[in-house]
Amino acid sequence: MGPLKGIKVIDMTTVLMGPYATQMLGDYGADVIKVESLDGDVTRLIGPMRHAGMGPVFLNTNRSKRSICLDLKKPAGRDAVLRLLKDADVLVYNVRPQAMARLQLGYDVVSAINPRLVYAGVFGFGQDGPYAVKPAYDDLIQGATALPALMAQTGDGVPRYVPNALVDRIVGLTAVGAICASLVHRDRTGRGQRLDIPMFETMAGFVMGDHMGGLTYEPPLDKGGYARHLSRDRRPYKTSDGYLSVIVYNDKQWENFFKATGRDDLRADPKFATFAGRAANIDVVYAELARIFETRTTAEWIDLLTKADVPVMPMHDLASILHDPHLEATNFFPVVTHPTEGPIRSMKVTATWSETEAEPVQLAPRLNEHGADILRELGYSQDEIAAMVRDGVTRSAPE
């Protein structure tokens with residue numbers, strides 16, 4: 001009984017950005033119908049995997065959905081989608097709007113059939129600028145919004161992408177918020193609307209919100225950038241036997257740190273004594289902290305800093321995070337049994353509600369697993385479904 005129970009979402013997205021957003025809507029209780037090509041979402045092919053078409057990226061971005069495959073370039077496939085949209089609440093797509101128009105599924109067509117529909121596009125660029133028709137991928141948008149340049153500035157001078165589909169996830173999250181806001185508007189007015197969530201503009205705001213700096217002002221006061229984030233010594237600290245994540249930020253935390261480490265000399269140093277002094281000398285501050293943390297073991301520092309109420313966390317890798325004591329206590333990575341893939345490690349829905357608790361309603365589907373059921377819900381007879389399979393509009397049910 002999640003908060004979005006009763007909301008019907010048609011998911012015409014692939015890869016990560018759109019599927020991540022629609023999985024969240026499904027986890028929140030919406031009935032999400034994933035419309036795939038006859039070959040399926042390409043992330044089905046990203047391994048390792050136990051069975052073809054059920055790779056881990058797909059499994060982790062497509063739970064809480066039902067799958068139907070349709071060839072939208074064939075009239076019968078397009079007609080089936082239009083039937084789906086007739087009583088849907090939300091359509092989410094992540095091809096360029098021009099591609100939706102070529103499929104005769106543009107907003108003008110769809111809204112005429114269902115004026116209450118929230119028609120949400122997650123794609124590269126706002127449609128009123130010169131990049132409107134350009135293709136976009138996570139790497140391209142990272143580069144275009146200065147992230148590799150910032151990585152180079154804080155590292156070895158070589159631009160690198162963040163090792164995570166950061167853009168896809170952030171824009172997906174933005175889409176969920178925008179879709180839910182549009183549903184509130186629809187409930188107040190009875191009218192749906194077209195909703196564009198562009199990757200480039202979303203990430204430009206995300207990055208520059210931190211790094212606009214003196215460029216905020218006209219004329220500029222400096223070349224931009226948040227000094228603390230750009231310090232080369234802002235990184236996990238090396239201890240005598242590993243690494244540790246620590247931030248000593250406000251005056252109280254620094255006072256506690258001085259006491260715990262016996263560093264009265266730093267308390268008397270203007271570079272360390274005040275927030276303004278530390279901000280103006282952030283590289284010096286971080287470099288001194290790096291020297292200090294090398295003097296004890298990771299376990300010793302965690303114990304000391306925890307008792308001193310100084311913010312500290314372990315620096316995990318991909319294996320150790322699975323065994324973090326807090327995540328184990330909250331059962332964040334439950335091992336569940338997939339109908340075809342056997343035991344798999346899942347992840348909890350992170351938000352909690354006091355009245356409408358949400359949880360995944362089902363694990364990621366096989367390609368076209370629910371196709372026949374969905375078509376029957378739309379009023380297709382068994383003979384009509386068989387004809388659609390024969391004509392290559394859809395596929396037969398998976399074994």
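Trainee: Which residue of E2 stands opposite isoleucine 10?

Mentor: Isoleucine 33 in E2 stands opposite isoleucine 10. This is a predicted model, in which local features need pLDDT of at least 70 and side-chain atom pairs count only at pLDDT 80 or more, while totals for chains, interfaces and linings use all residues. Residues are numbered from 1 along each chain as its sequence is written, and side-chain values use heavy atoms, with hydrogens and water left out.

Trainee: What makes E1 and E2 a pair of strands?

Mentor: Strands are DSSP runs of E with at least two residues, helices are runs of H or I with at least four, and both are numbered from the N terminus. Two strands pair if DSSP finds at least two bridges between them, and 4 bridges join E1 (residues 8-12) to E2, so the pair meets that definition. The two strands run parallel.

Trainee: How do you know that E2 pairs with E3, and in which sense?

Mentor: E2 and E3 (residues 65-69) are joined over 5 bridges, in the parallel sense, and lysine 34 stands opposite serine 67 in E3.

Trainee: Why is E2 called largely enclosed?

Mentor: Buried means under 20% relative accessible area, exposed over 50%, and partly exposed in between, with a 1.4 Å probe and protein chains only. In E2 (residues 31-36), 5 of the 6 residues are buried, so this strand is largely enclosed by the rest of the structure.

Trainee: Why is the unit of E1, H1 and E2 called right-handed?

Mentor: E1, helix H1 (residues 17-27) and E2 make a right-handed β-α-β unit, and the word is used because, with the strands pointing away from the viewer, the path from the first strand over the helix to the second runs clockwise.

Trainee: What makes a space a pocket, and how much space lies in the largest pocket?

Mentor: On a 1 Å grid over the protein atoms alone, a pocket is an open set of points with protein on both sides within 12 Å along at least five of seven lines, whereas a cavity is a set where a 1.4 Å probe fits but cannot get out; lining residues have an atom within 4 Å of a point. The largest pocket holds about 1200 Å³, where volume is the space filled by probe spheres set on points joined across faces, edges and corners. Its lining has 40 residues, and the closest to its centre are Pro56, Asn60, Arg169, Phe333 and Met347.

Trainee: Which element gives the largest share of that lining?

Mentor: H1 does, with 4 residues of the lining of the largest pocket.
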